[in-house]
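Have the model open while you read.

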Amino acid sequence: MDKNSQEDWLDRQLRDAAPYIDDGGFTARVLQRLPRPRRQRESLRAVILLGITLFASALAYVLSDGGRFISVNVERLATLPMLWLFTLALGSGILVTVAGLFAAISKSRELQS
Amino acid sequence: MELTDADLVTRVLVDDDQHAFGELVRRHQSSVRGLLRQLTRADLALADDLAQEAFVRAYKNIRSFRGEARFSTWLYRIAYNCFREDARRRKELVGIDEAQLEAQQDPQTVDPGLRHDLMHALSLLPLHEKTAVLLCCQNGLSHDEAARVLDIPLGTVKTNVLRGREKLKRALAAWRPN
């Protein structure tokens, strides 16, 4: 018997000595141990955030005497000079754009990795 | 058409699809559990615990699978690391349980005597040779893939396989057909 066929014989015996192991509920046990899917976690997070936001809004409304501070501040804004208003709007716009860009870059890095 | 392992991994990555991961577990559970049973010297409960741990780790770290190797190779590496960590914790391996070994084997395909001698010969191999032989000769990994799984140089894998095979051949000389 040559060397190659001896090796084939040994490999075959090794492979045959490892019969297929029936699943027998193994996959189900693994799936039970997995963390909850991301989508479920994200929807739970959204519900919590929405709840906190609604609660905080209601609290702010009650504490601020029925939202009177909003009308007071709108009145104040209306009396500001046009240049100040323009600067405020421009500054806010830039701030939101930078935050959006930062979030987009972080997300694309996360997806690439 | 049956989905490939790569397709299923993509589904897990993109949709966090646990059914797709379940299919991966179903496909590979036998080989992973088989390998761990051999490494743990047929401690079936320990092997299955380690296999479960390996699959859970694979799921949690699936983003680190870059598709450079086969999914099964990546999985074997995780399983082998689980085994090593556990062995380090226990410091010693349990003795072989002949009755368990015989119970898990199918007597239809291989002569029970030959299988018994083969398992005994395997159990006598040093761990590094046994693991290399099991990965390459039983699970069909290339030397290169086994080197990745074991995180050792390619030359060491080749040497371990060669030495392990020689010892097995000597131990099974009486069974070999002429």
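The axes of H8 (residues 143-150) and H9 (residues 154-171) of chain B come within 9 Å and cross at roughly 105 degrees; axes here are lines fitted to C-alpha atoms over the stretch in contact, with angles from 0 to 180 degrees between N-to-C directions. That makes H8(B) roughly perpendicular to H9(B) (65 to 115 degrees counts as such). This is a predicted model, with local features needing pLDDT of at least 70, side-chain atom pairs counting only at pLDDT 80 or more, and totals for chains, interfaces and linings using all residues. Residues are numbered from 1 along each chain, with chains lettered from A and ligands numbered from 1 as written.

Who touches whom? Contact means C-beta atoms, placed from the backbone, within 7 Å.

| Helix | Residues in the contact |
|---|---|
| H8(B) | B:His143, B:Asp144, B:Ala146, B:Ala147, B:Leu150 |
| H9(B) | B:Leu154, B:Val157, B:Lys158, B:Val161 |

Now for H9(B) itself. Its buried residues (20 or more other C-beta atoms within 10 Å of their own) are B:Val157, B:Asn160, B:Val161, B:Gly164, B:Arg165 and B:Leu168. Down the helix axis they fall within an arc of 125 degrees, so they line one face of H9(B); the arc is taken over directions from the axis to the C-beta atoms. On the face turned away sit B:Gly155, B:Glu166 and B:Arg170, which are exposed (12 or fewer such atoms).

As for the chains, their contact takes 26 residues from chain A and 31 residues from chain B. H1(A) gives the most to chain A's side, with eight residues.

Technical notes. Contact = placed C-beta atoms within 7 Å. Helix = DSSP H or I, 4+ residues; strand = E, 2+ residues; numbered from the N terminus. Parallel < 35°, antiparallel > 145°, perpendicular 65-115°, else oblique.
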